[in-house]
Amino acid sequence: MTDLKTAATTPLGSVLAWLNTFRSRHASWIPVFAALLILVVMFGFAQWWFGNFLSPRLISALLLDNAFLLILAVGMTFVILTGGIDLSVGSVMAFTGILCASLVSQGVPAAIAVPLMILCGAGVGLLIGVLVHYFDVQPFIASLVGMFLARGLAFLVSLRSIDIEDQSILLLQSTRFKLGDWYITPTGIIALVVVIAGVLILQYTRFGRTIYAIGGNEQSARLMGLPVARTKILAYVISGICGGLAGLVLTAYQGSGYPLNGTGAELDTIAAVVIGGTLLTGGSGYVLGSMIGVFVYGTIAAFIAFLGAEQSWKRIIVGALLLVFVVVQRVIVTRSSRRS
Amino acid sequence: MPVDNDVAPIIEMRGITIQFPGVKALDGVDFTLWPGEVHSLMGENGAGKSTLIKALTGVYAIDSGTITVAGEPRIFHTTADAQAAGISTVYQEVNLCANLSVGENVMLGHEVRRGGAIDWRATHREAARHLEALGLTVDTRTGLFSHSIAIQQLIAISRAMVTDSTVLILDEPTSSLDRSEVEQLFGVIRELRDRGVAILFVSHFLDQVYEISDRITVLRNGKLVGAYEAALLPRNELISSMIGRELDDLAELSSSAARVIDRSGSPLLKATGLGKKGVLEPADLDIYEGEVVGIAGLLGSGRTELARLIYGADRADSGSIEVHGASARISTPRHAIDRHIVFSSEDRRAEGIVGDLSVAENIVLGIQARRGWLRRVSRTETDAIVKDYIEALGVRPADPDRAVRNLSGGNQQKVLLARWLATAPELIILDEPTRGIDVGAKADIQRKVAELSAKGLSVIFISSEIEEVIRLAQRITVMRDRRKIGELESNGLDVDDVIDYIANEGQENVA
Amino acid sequence: MKKLVKHRVFWPAAALVALLAVNAIARPAFLSITVQDGELYGSLISLLRNSAPLMLVALGMTIVIATRGIDLSVGAMMAVSGAVALTIIAESATPEAPEVIALAIGAGVIVTLIAGAWNGFLVAVLGIQPIIATLVLMLAGRGIALLITNGEITTVNSAPYKFMSQGYVLGFPFAFFVSIAAIVIVVLVQRRTALGMLTEAVGINPEASRLAGVRSRGIIWGAYAASGLLAGFAGILYSSNIMAADSNAAGNLIELDAILAVVLGGTSLMGGKFSIAGTVIGVFTIQTLKSTIVFLGVPSPVTPVFMAAVVIIVVVVQSPLLRGSALRAVRSVRGATNSNTTEVAK
């Protein structure tokens with residue numbers, strides 16, 4: 001791209017110059033705006049089609065039904081920003097969920113079971129991170145290993161679902177804080193807190209900026225003296241922690257742990273993150289974008305449920321959207337690299 | 001600025017030796033760098049330039065010798081050690097993160113923090129301050145990607161100043177810059193030099209080296225040739241000290257250069273105005289049947305770039321090619337191969353050999369690629385062809401099933417030559433076919449080239465070893481700084497003539 | 001003897017033999033083969049039959065991996081071909097007629113062949129990373145399969161169709177012959193033509209291959225199409241086994257099994273030289289491993305833990321080798337690496 005020189009004195013010239021600067025400063029926000037636009041269009045369309053889509057009750061439900069996916073998406077954003085991928089998140093969610101249910105049903109207090117389940121999630125993330133960085137395993141393979149491990153462990157804990165009787169966990173879902181027709185539960189709050197934490201870490205800490213640097217150019221990051229190894233592994237650990245938190249939220253939501261939970265959730269998560277404007281090649285994207293992506297996903301699901309159509313359409317539409325975004329991302333990347 | 005001998009050197013490297021399996025990359029090299037000077041490091045490929053830099057930046061460990069920084073002996077285990085010692089490097093690829101903002105790149109790892117969180121306003125202010133100190137006014141919140149390579153480089157330099165570097169190494173900084181950008185860069189370099197920073201400038205652009213340097217150090221084949229004051233070093237002497245003059249007994253090949261070529265008909269290939277923006281100025285080249293045209297010039301002068309454009313390995317922006325008098329479109333290697341034009345790359349390892357495949361498979365690859373996947377070259381055919389070429393070129397060990405990566409460089413080169421000759425080409429482009437191989441193999445390959453061209457094969461022969469080019473070619477195209485500067489008839493020429501030509505042709509003032 | 005040990009498939013073969021030996025010792029019944037009505041039965045025979053779907057998928061995966069790619073959509077493609085085939089049979093008036101069966105199978109595999117070609121297009125022409133390109137079909141494929149069966153698990157009653165996975169020919173399971181046929185065809189195509197060598201060249205050094213005039217685009221495209229085709233046949237076999245099109249269970253998690261089989265057989269994930277014999281051994285090794293785990297009383301949903309452990313071991317053991325080929329594949333410089341030792345100056 002040509003150097004940004006302040007342009008001509010003509011009004012058109014200065015508008016173009018301002019546009020150029022804006023585009024340069026906020027380039028990575030553009031895909032996020034695109035996602036937001038899609039969401040708004042979807043809302044508008046659904047409202048027009050059904051007439052009562054945009055109600056406080058439905059939007060609140062949108063958040064709470066997809067709270068677990070939102071948490072997973074935050075963790076996945078960290079990993080994808082470094083240029084990696086984490087296919088284990090669905091299985092980790094299931095494993096930690098059934099583990100918690102099992103412990104709690106055996107009398108272990110929630111105050112111990114919950115931190116333990118999160119620790120397990122972090123452990124799987126640590127394993128994946130070590131495989132990726134120290135053993136040069138492709139993130140896809142390493143996280144597939146994590147997925148297999150976690151899924152198998154989930155069944156090892158229990159072959160069948162386990163109901164939760166513990167009130168402290170059930171309350172996470174059943175308590176409702178109302179504001180008019182809007183409502184939110186502790187699980188929803190947890191999800192929003194995770195989102196805020198994600199934003200703060202990525203935008204205001206050196207660790208977060210190192211994540212972006214690694215995704216942009218890992219070799220440069222290394223040559224610049226940044227702690228690449230530590231940061232990469234920590235990204236996977238964060239994804240694992242999010243898997244654990246999502247497990248808690250989903251278990252509370254369902255009132256039970258189930259070893260088959262989250263089958264395919266990793267793909268939904270990746271789709272949400274990509275649709276939300278995060279580039280799969282790494283280095284560009286925002287947690288807020290991933291949140292929008294989750295809402296897009298949730299809206300599609302709600303729309304299909306409202307229509308009474310086959311659930312399988314959801315996966316197809318999401319898959320098609322993912323493809324479109326990936327191809328568009330690829331075209332933009334090739335065009336801009338050819339230009340520079 | 002002449003060196004002030006009362007000031008202590010900032011870097012002293014003594015007796016540096018670095019050995020790799022099979023080759024001594026650096027052999028007892030001494031190097032001194034003073035604060036407040038611009039010092040150029042020069043040498044051809046394999047001279048040891050980049051190895052010396054990597055020793056200084058902590059990428060390579062040294063086998064023997066000492067490095068002293070500001071009077072204190074230092075040992076660098078990692079790149080971080082070198083950076084901590086005040087040595088910063090700006091690479092040709094500008095090792096920054098293009099996805100982040102300008103200000104962030106400048107301050108990455110050193111952002112201004114308040115209470116644990118990054119204070120972006122203060123960080124950008126700091127970044128702007130450092131940029132302005134180098135005369136740069138850039139909007140620090142814009143993405144790095146939206147700026148030209150030239151500006152990105154200057155941003156990388158100001159990042160080096162954030163960490164108060166005393167030594168700045170610039171590795172081939174001007175390769176992608178145009179004239180005005182080079183001026184801007186040199187302005188910044190002079191500013192830093194006047195501030196007392198020691199600048200190590202690595203480049204192969206002769207004109208620029210003379211323009212900016214105070215002193216020049218020349219390496220050749222891993223050894224130090226000498227350290228000179230730039231103002232007192234004539235161009236001819238600089239070039240001869242960089243290029244080799246190896247004695248060998250291939251005198252009988254001088255008859256190759258003297259061979260008379262029939263240029264009455266149309267040339268086998270005629271390239272007119274072939275060029276690519278930022279890579280090669282439009283150049284002409286033609287070659288007749290049975291002729292050897294040499295391309296001479298220093299590293300980076302555009303020799304390989306021209307060859308690649310002719311072969312279609314890279315796509316040209318301008319110009320045209322005629323083959324046998326008819327217009328030809330050559331924009332991919334397949335186009336060239338279909339017209340019986342073949343190319344042997346100078347980078348054997350990355351672009352030539354398919355390492356895990358056997359000698360036989362590598363040799364047959366050219367033929368097979370032409371025939372397509374359905375018509376397999378039969379076992380008997382392969383055996384016959386491979387046996388012939390192993391014998392004709394003297395490939396050792398003579399084992400067709402050995403994996404090519406296990407052969408020595410010279411034998412790998414012979415295998416590649418065999419691959420191309422087996423396709424019965426009309427024109428073969430050889431880029432540095434004798435680089436980095438033993439003397440015996442060098443002689444074998446040159447003999448083969450002379451023999452084949454006498455039988456009617458046309459050859460474009462590129463080499464840094466000027467006496468090779470003089471020996472084999474009837475005409476020599478001379479290149480400098482990405483331009484063709486002229487053509488010479490090689491009969492009766494000697495090395496000094498060519499060096500003279502490279503140094504002075506088109507120059508206003510002779511050094 | 002030395003040459004035997006150095007042969008590429010020696011260690012994988014040795015590992016398989018060892019595994020079989022351990023099984024034979026732990027449960028002598030493992031090796032027993034009985035004959036009933038001219039048909040062979042026994043653990044080993046079941047192994048030959050049950051390994052057929054994985055064999056087909058792993059063959060395709062080998063070719064794709066050789067081009068430095070990967071195909072994650074194979075499981076979903078199995079679901080799709082099963083769904084297509086069974087829907088055709090279920091809606092036919094004559095579910096046992098040979099033309100109907102042929103049409104069903106043909107349609108099923110053509111659909112997945114097209115899907116594979118689509119993957120190939122994304123990778124070879126658009127230049128999209130193989131993981132992402134095939135991830136899309138992995139995601140959408142099962143949904144498409146479910147749509148074809150209207151969200152249900154279509155079941156059919158058709159003896160000829162059932163024959164494919166449950167029938168016997170010359171005493172051996174028919175499915176085993178399908179495996180053999182696939183292996184033979186793949187070997188013939190790869191080694192009788194120049195395709196094998198050109199594929200390896202593309203995987204080992206894509207740039208040198210390009211400069212040598214190799215048509216890499218077509219080769220990569222073909223690899224993914226072949227993978228799709230083979231996955232289609234695998235899906236037919238699977239649906240024949242359960243006489244149903246279960247779009248969620250078909251080929252579930254078979255991707256990692258296939259990748260593991262390829263890796264166990266000695267083909268590197270970095271691409272390049274590949275070994276069909278190695279993959280065959282790898283497939284049998286995995287099937288034996290699964291059988292062993294089941295015998296040990298581990299519930300089958302828990303077996304992925306063992307597979308994960310095996311992958312970790314293989315990956316860690318291969319790692320110095322992986323590092324060697326990684327350097328060959330021109331990776332970025334790592335901080336202070338040296339081809340000599342990082343000895344300090346005296």
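Where in chain B is the place of D164(B)? D164(B) sits in the loop between α5 (149-162) and β9 (167-171) of chain B. Helices (H or I, at least four residues) and strands (E, at least two) are DSSP runs, numbered from the N terminus. The phi of D164(B) is near 55°, a positive value in a residue other than glycine. Most residues other than glycine have a negative phi, and most peptide bonds are trans.

The model is predicted: local features need pLDDT of at least 70, side-chain atom pairs count only at pLDDT 80 or more, and totals for chains, interfaces and linings use all residues. Residues are numbered from 1 along each chain as its sequence is written, while chains are lettered from A and ligands numbered from 1 in the order in which they are written.

Confidence was examined for chain A. Its mean pLDDT (the predictor's confidence in each residue, from 0 to 100) is 88, and 96% of its residues reach 70 or more. Among the elements of chain A, helix α4 (residues 67-81) has the highest mean pLDDT, 97. The lowest, 76, belongs to α15(A). Over residues 1-7 of chain A the pLDDT is below 50. Beyond near neighbours in sequence, this stretch has 20 contacts in the model (C-beta atoms, placed from the backbone, within 7 Å). Where pLDDT is low, the predicted coordinates should not be read in detail.

In chain A, the axes of helix α6 (residues 110-134) and α7(A) come within 9 Å and cross at roughly 150°. Axes are lines fitted to C-alpha atoms, for helices over the stretch in contact, and angles run from 0 to 180 degrees between N-to-C directions. The two helices are therefore roughly antiparallel, a term for angles over 145 degrees. From α6(A), V124(A), L127(A), I128(A), L131(A) and V132(A) take part in the contact. Their counterparts in α7(A) include P139(A), A142(A), V145(A) and L149(A). By class, the contact has 10 nonpolar, two polar and no charged residues. Ala, Val, Leu, Ile, Met, Phe, Trp, Tyr, Cys and Pro count as nonpolar, Asp, Glu, Lys and Arg as charged, and the others, Gly among them, as polar.

Chain C touches chain A through 36 residues of chain C and 35 of chain A. In chain A, α7 (139-157), α11 (218-223), α13 (265-275) and α15 (312-339) each supply at least two residues. The largest share, 12 residues, comes from α15(A). This side of chain A has 23 nonpolar, five polar and seven charged residues.

Chain B also meets chain C, with 39 residues from chain B and 33 from chain C. Elements giving two or more residues on the chain B side include β1 (11-20), β4 (64-69) and α13 (359-371). The most, six residues, come from α13(B). The chain B side has 20 nonpolar, 13 polar and six charged residues.

Chain B also holds an open sheet of four strands, in the order β14-β13-β16-β17, with antiparallel pairing. Strands pair if DSSP finds at least two bridges between them. The edge strands, β14 (280-287) and β17 (326-328), each pair on one side only. The twist averages 25° from one strand to the next. Five bridges join β13 (residues 269-276) to β14(B). L269(B) has I287(B) as its bridge partner in β14(B).

Conventions. Two residues are in contact if their C-beta atoms, placed from the backbone, lie within 7 Å. Angles under 35 degrees count as roughly parallel, over 145 as roughly antiparallel, 65 to 115 as roughly perpendicular and the rest as oblique.
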